[in-house]
Amino acid sequence: MAGRLKEFTGIDPFTIDQITLTETGNAQLENPFFKMINLDYYAMFIDSVGHIFKGPQTLYRYDARVYHPRTQWIFGRPNWLFQNNQIPYLIQKPSNLGYPCLVLAYHATEDEKTAVPADVVELNDDSVKALALSPGKYLILIKDTTGLEKRFNITQNP
């Protein structure tokens with residue numbers, strides 16, 4: 001898209017590749033540069049004179065590449081879900097519901113029939129999972145495949 005923007009407007013935007021230095025579903029397909037890095041934080045790399053590392057410039061040319069650390073798992077969810085003031089809310093399936101079941105969290109001020117859930121998690125077994133929620137009030141709705149459901153309100157404190 002940046003190439004088209006430059007072609008049509010003459011504007012040369014600053015472009016960032018967030019794919020190359022990110023894990024994949026198959027470690028054999030990961031970029032060799034990504035495999036060499038073992039950081040637990042996001043990073044852009046610069047050399048000793050302050051030039052941004054771009055990596056080999058192949059078919060696609062970028063001004064920078066961002067490194068994303070490997071995903072760690074917390075309560076059965078990716079750790080990055082719990083960044084930016086998101087707080088884990090541990091979920092337990094009510095005993096009268098079966099597996100699998102969906103757990104949906106709606107902001108308490110919104111109508112769940114038309115609102116998009118703040119978070120959704122599927123429970124398939126008794127392993128501990130958590131919703132990732134900002135501080136606030138929520139309606140929690142748990143539904144199983146037979147149509148049974150449980151509703152309750154929570155307040156997520158910081």
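Mentor: We shall discuss aromatic rings, then one glutamate, then a sheet. Please keep in mind that this is a predicted model.

Trainee: How many aromatic pairs does a search of the whole structure find?

Mentor: The search finds 3 aromatic pairs.

Trainee: Where in the chain do Phe33 and Phe53 lie?

Mentor: Phe33 belongs to helix α2, residues 32–36, whereas Phe53 is in the loop between α2 and β2. They are 20 residues apart, and the pair links distant parts of the chain.

Trainee: And why is Phe33 called partly exposed and not buried?

Mentor: Phe33 has a relative accessible area of 31%, so it counts as partly exposed; buried would mean under 20%. Phe53 is partly exposed too, with a value of 26%.

Trainee: Which residues form an aromatic cluster?

Mentor: Phe34, Phe45 and Tyr67 form one cluster. Another ring, that of Tyr99, has Lys93 over its face, at 4.8 Å from the ring centre.

Trainee: Changing topic: is Glu30 buried or exposed?

Mentor: Glu30 is buried, because its relative accessible area is 5%. This residue lies in the loop between β1 and α2.

Trainee: What does the Glu30 side chain make a polar contact with?

Mentor: The partner is the side chain of Arg70, at 2.6 Å. Leaving aside residues up to four places away in sequence, Glu30 touches Glu23, Thr24, Lys35 and Arg70.

Trainee: Now the sheet. What is the order of its strands?

Mentor: This open sheet of 4 strands has the order β7-β6-β9-β10, and the pairing is antiparallel. The edge strands, β7 and β10, each pair on one side only. On average, neighbouring strands are turned by 20° against each other, direction ignored.

Trainee: How many bridges join β9 to β10?

Mentor: There are 8 bridges between β9, residues 136–144, and β10, residues 149–156. Among the facing residues, Lys137 has Thr155 as its bridge partner, and Leu139 stands opposite Asn153.

Trainee: What lies between those two strands?

Mentor: β9 and β10 form a hairpin with 4 residues between them. Gly147, in the turn, has a positive phi of about 100°.

Trainee: And what holds strands together in a sheet, in general?

Mentor: Strands of a sheet pair through backbone hydrogen bonds, and the pairing may be parallel or antiparallel.

Technical notes. Residues are numbered from 1 along each chain as its sequence is written. This is a predicted model: local features need pLDDT of at least 70, side-chain atom pairs count only at pLDDT 80 or more; totals for chains, interfaces and linings use all residues. Side-chain values use heavy atoms; hydrogens and water are left out. Rings of Phe, Tyr and Trp (its six-membered ring) pair if their centres lie within 6.5 Å; planes under 30 degrees apart count as stacked, over 60 as edge-to-face and the rest as tilted. Buried means under 20% relative accessible area, exposed over 50%, partly exposed in between (1.4 Å probe, protein chains only). A charge sits over a ring if NZ of Lys or CZ of Arg is within 6 Å of the ring centre and within 35 degrees of the ring normal. A polar contact is a pair of N or O atoms within 3.5 Å; within protein, one must be able to donate a hydrogen and the other to accept it, and residues adjacent in sequence count only if both atoms are side-chain atoms. Contact means heavy atoms within 4.5 Å. Two strands pair if DSSP finds at least two bridges between them. Axes are lines fitted to C-alpha atoms, for helices over the stretch in contact, and angles run from 0 to 180 degrees between N-to-C directions.
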